[in-house]
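Good morning. Please look at the structure first.

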Amino acid sequence: VKLEAKLADRKVDWQVQVLDRDGNVMPVSLPLEVEILDTRGIKSDYSVCQATLSGKSSGSFTLGINDIQGKWSVNVKDLAAGLSDGAALEYKVQQK
């Protein structure tokens with residue numbers, strides 16, 4: 001599995017692809033666990049379980065103004081094969 005995650009302002013968008021050995025998307029449905037960890041390493045309510053559709057899955061969430069600033073982690077695990085990937089994001093509240 002390959003995870004891409006980006007943070008813009010307070011919105012986090014993530015995409016997952018199930019890839020074969022040659023890097024091609026596999027058109028399969030697999031169960032995924034997407035775990036979102038805050039700066040303390042605590043699993044947040046933004047975490048979800050969902051399946052891929054044709055080898056892809058995506059989602060988004062918006063961090064709250066009162067969420068802890070700092071390094072957040074987005075981790076995905078393919079629950080069928082046990083493969084995983086992760087990404088780190090730096091969250092700072094923008095002063096207006």
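Searching the whole structure gives 2 aromatic pairs. To count as a pair, rings of Phe, Tyr and Trp (its six-membered ring) need centres within 6.5 Å; planes under 30 degrees apart are called stacked, over 60 edge-to-face, and the rest tilted.

Take Y46 and F61. Their ring centres are 4.6 Å apart and their planes meet at 15 degrees, so this pair is stacked. Y46 sits in the loop between β3 (31-37) and β4 (48-51), and F61 in strand β5 (residues 56-62), so the pair ties together parts 15 residues apart in sequence. Strands here are DSSP runs of E, at least two residues, numbered from the N terminus.

Now Y46 and W72. Here the ring centres are 6.3 Å apart with planes at 50 degrees, so the pair is tilted. W72 belongs to strand β6 (residues 70-78) while Y46 is in the β3 to β4 loop, so parts 26 residues apart in sequence are tied together.

Which residues do the ring pairs link into a cluster? They are Y46, F61 and W72.

On burial: F61 is buried at 9% relative accessible area, and W72 is buried at 5%. Y46 is partly exposed, at 25%. Buried means under 20%, exposed over 50%, partly exposed in between, using a 1.4 Å probe and protein chains only.

The model is predicted: local features need pLDDT of at least 70, side-chain atom pairs count only at pLDDT 80 or more, and totals for chains, interfaces and linings use all residues. Residues are numbered from 1 along each chain as its sequence is written, and side-chain values use heavy atoms, leaving out hydrogens and water.

How values were computed
Helix = DSSP H or I, 4+ residues; strand = E, 2+ residues; numbered from the N terminus.
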